[in-house]
Amino acid sequence: MRKSGKFFTFLVILILACGAVFYFGYTPFKVPHDCIGVMVSKTGGVNEKPVERGVFRWDWEFLIPTNAKINSFQIKPFSYSKFVTGKLPSADIYSNQFEVKPDFSYSFNFDIQFTYTPSKCVELVKKTGITNDAELAKLIKARGDELCDKCISVISDMSEKKSSFDVEQFKERLIKENNDDDFKIISISISNVSVPDFELYASCKQMYQRYVASVDQKLQGLVDSQAREIADYAKNLNKLEQFGKVLKEHPELAEFLKSSGDLNETLRTINSFR
């Protein structure tokens with residue numbers, strides 16, 4: 001009886017120890033519902049395999065105290081919305097040429113939904129070091145701002161090509177070009193679009209460029225004229241300096257010029273020096 005009691009006690013302790021080992025190493029318990037987990041440990045860094053609720057997984061790293069942790073992220077679509085308003089490049093300069101002052105401003109509502117796969121979540125943690133949903137939201141906002149800037153850039157390009165802004169075509173292009181990124185685009189909405197007259201903008205730009213070229217040409221003419229005047233002044237100053245030296249060397253010439261009443265003759269004498 002005594003031996004069987006000891007064996008039973010050992011068996012219970014063994015079962016409890018195995019249960020504790022299993023509990024501490026079974027990582028899906030540590031991930032909330034509707035979330036994805038990324039394991040980060042001191043011994044192995046960021047684990048390549050995402051931790052998913054309901055999917056069996058056991059990690060020995062958790063058996064070492066304070067060695068590993070799970071960073072959880074909500075696995076749901078994220079929304080980005082922004083009202084955009086602005087003006088085409090140098091719009092005010094071109095508009096001020098006319099009394100009517102045409103409006104070259106644009107505006108639109110930009111709404112987009114993102115999602116990501118569990119494997120992409122692991123890549124994001126490795127690349128950026130994010131640890132929670134708040135930091136993930138900042139990345140999504142930055143990505144939304146980037147795509148919104150692309151839309152503004154397309155509008156500016158359209159003004160150069162004098163073509164219209166095709167919203168549907170741009171949305172298809174945006175999804176196609178960016179679906180291999182960290183975040184997958186679920187939907188895009190570009191609404192309440194208001195764009196200026198691109199042909200009028202291009203005409204105003206050309207007129208302004210012609211005006212600037214004309215002003216530059218006139219300014220260049222003035223600069224050349226001023227340069228000639230400065231050169232003539234320097235030449236005359238040099239003649240006066242030479243004439244002054246001659247007068248010092250020949251005082252009798254100075255006396256002669258004093259006695260001369262003909263100013264024109266004196267000037268001709270000075271100009272004769274080279």
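Let's start with Lys 171, which is buried, with a relative accessible area of 16%. Buried here means under 20% relative accessible area, exposed means over 50%, and partly exposed is in between (1.4 Å probe, protein chains only). Before going on, keep in mind that this is a predicted model, in which local features need pLDDT of at least 70 and side-chain atom pairs count only at pLDDT 80 or more, while totals for chains, interfaces and linings use all residues. Residues are numbered from 1 along each chain as its sequence is written, and side-chain values use heavy atoms, with hydrogens and water left out.

So where does Lys 171 sit? Its place is in helix α5, residues 167-178. Helices (H or I, at least four residues) and strands (E, at least two) are DSSP runs, numbered from the N terminus. If you leave aside the neighbours within four places in sequence, Lys 171 is in contact with Ile 188 and Ile 190; contact means heavy atoms within 4.5 Å.

Helix α5 itself lies across β6 and β7, running at about 155° to β7. For that angle, axes are lines fitted to C-alpha atoms, for helices over the stretch in contact, and angles run from 0 to 180 degrees between N-to-C directions.

Now look at the sheet. Three strands form an open sheet in the order β5-β6-β7, with antiparallel pairing. β5 and β7 stand at the edges with a single partner strand each, so one side of each has no neighbour in the sheet. On average, neighbouring strands here are turned by 15° against each other, direction ignored. Two strands count as paired if DSSP finds at least two bridges between them. Strand β6 (residues 105-115) and β7 pair in the antiparallel sense over eight bridges, and you can find Asn 109 standing opposite Ser 191 in β7.

Strand β7 (residues 184-194) also holds Asn 192. Its phi is near 50°, a positive value in a residue other than glycine. That's worth a second look, because most residues other than glycine have a negative phi. Asn 192 counts as exposed, at 57% relative accessibility. Ser 90 has a positive phi too, near 55°. You'll find Ser 90 in the loop between β5 (78-87) and α2 (91-95), and at 37% relative accessibility it counts as partly exposed.

Next, the charged side chains. A salt bridge is a side-chain nitrogen of Lys or Arg within 4 Å of a carboxyl oxygen of Asp or Glu. By this rule the count comes to seven salt bridges. One of them joins Lys 82 and Asp 145, with the closest N and O atoms 3.8 Å apart. Lys 82 lies in strand β5 and Asp 145 in helix α4 (residues 133-161), so the pair ties together parts that are 63 residues apart in sequence. Asp 145 also meets Lys 141 in a salt bridge (3.0 Å, N to O). These two are four residues apart in helix α4, which means that about one helical turn separates them. Together, Lys 82, Lys 141 and Asp 145 are linked in a network of salt bridges.

Lys 120 is partly exposed at 22% relative accessibility, and Glu 123 is partly exposed at 36%.
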